[in-house]
Amino acid sequence: LQSSATYAHTRGGSLLRGLNQNAPVDGVRPDERFGNVVEVVADAASRLHQLQVNLTANPGALFPQGRSAPRVSWKRTTLFLNYTLASLRNNTDGAFSLSPFGNQESEWGPANNDLRHRLNINLNNQIIKNLNVGISMNTVSGSPYTIRTGRDDNADLVFNDRPAGVARNSERGARHFTLSTNIAYGFAFGPPVGGPAGIGVIMNGGAPVVLSIEQGQRYRIQFYVQAQNLTNRANYTGYSGTQTSPFFGKATSVAGTRRVETGVNFSF
């Protein structure tokens with residue numbers, strides 16, 4: 001059993017954002033000959049706090065099995081688990097992003113890719129020799145999105161205005177959940193591969209364990225079936241934050257629908 005936990009704090013500085021040098025004041029532009037004059041400045045920032053936990057049970061269980069390996073063994077099972085808790089905040093959406101209020105401090109909020117919780121679990125086994133069965137479960141919390149009025153309230157011809165008192169990226173979509181599987185059966189045949197036997201190294205609590213891997217046969221063929229999003233769960237994306245839209249607060253697309261693939265691999 002192996003486990004680890006890592007905390008990281010990252011401060012980002014000199015990030016790019018847009019500064020409108022000809023923004024309207026009380027509906028009138030300083031220089032009426034021009035529209036928006038956007039200068040790219042590097043005074044935005046970001047802050048990331050992240051805790052990552054990893055767990056591996058029975059590492060090395062799925063090393064290649066030699067001809068002398070038992071036909072059935074419950075020990076040939078490995079569990080991988082990864083969990084990440086994070087908070088990523090910034091005050092820019094890119095080099096040409098403009099603040100609707102003309103105040104960059106009002107733009108502090110979750111970044112567009114701020115995903116608070118991420119959990120990945122993978123269970124792989126070769127309980128029956130040459131038959132590999134893997135099951136993976138992935139879940140992630142919803143992405144943030146911003147509520148907008150849908151109008152050009154400040155008359156700058158940029159439709160990114162927010163209602164008074166509403167922060168950037170204040171809302172979140174639904175979490176995503178995906179269950180996938182992979183089943184493969186393979187066997188080797190032909191003369192043995194030449195050269196010395198292979199060596200596998202497992203880090204067991206910091207103490208390396210060296211294993212000799214039996215030489216396999218020269219040719220190998222494998223049949224496989226893999227399914228992404230096995231349950232065909234609808235993972236909604238593209239939430240609309242525009243108050244004038246009939247889709248306000250609703251998702252407009254679905255990501256990662258079920259996909260099944262079969263095939264044959266031949267190696268030598």
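Modeller: Ser180 is in strand E9, which covers residues 176-192. A strand here is a DSSP run of E of at least two residues, a helix is a run of H or I of at least four, and both are numbered from the N terminus. This is a predicted model, in which local features need pLDDT of at least 70, side-chain atom pairs count only at pLDDT 80 or more, and totals for chains, interfaces and linings use all residues. Residues are numbered from 1 along each chain as its sequence is written, and side-chain values use heavy atoms, with hydrogens and water left out.

Ser180 has a relative accessibility of 6% and therefore counts as buried. Buried means under 20% relative accessible area, exposed means over 50%, and partly exposed lies in between, with a 1.4 Å probe and protein chains only. Leaving aside residues up to four places away in sequence, Ser180 touches Gly134, Ile135, Ser136, Ala227, Gln228 and Asn229. Contact of this kind means heavy atoms within 4.5 Å. With Asn229 there is also a distance to give: a polar atom of the Ser180 side chain lies 3.2 Å from the backbone nitrogen of Asn229.

Tyr185 is in strand E9 as well. Its relative accessibility is 32%, so Tyr185 counts as partly exposed. Tyr185 belongs to a nonpolar surface patch together with Phe187, Phe189, Phe223, Val264, Phe266 and Phe268, and the patch has about 720 Å² of accessible area. Patches are made of residues with over 30% relative accessible area and no salt bridge; nonpolar side chains (Val, Leu, Ile, Met, Phe, Trp, Tyr) are joined within 5 Å, and like charges within 9 Å. A salt bridge is a side-chain nitrogen of Lys or Arg within 4 Å of a carboxyl oxygen of Asp or Glu. Accessible areas come from the Shrake-Rupley method with a 1.4 Å probe, and for residues only the protein chains shown count as cover. Strand E9 gives the largest share of the patch, 3 residues. Both E9 and strand E15 (259-267) supply at least two residues of the patch.

Of its 268 residues, 28% are buried. Among contacts between residues at least 6 apart in sequence, 71% join residues at least 24 apart. The accessible surface of the chain comes to about 15700 Å², and carbon and sulfur atoms account for 58% of that surface.

Key:
A polar contact is a pair of N or O atoms within 3.5 Å; within protein, one must be able to donate a hydrogen and the other to accept it, and residues adjacent in sequence count only if both atoms are side-chain atoms.
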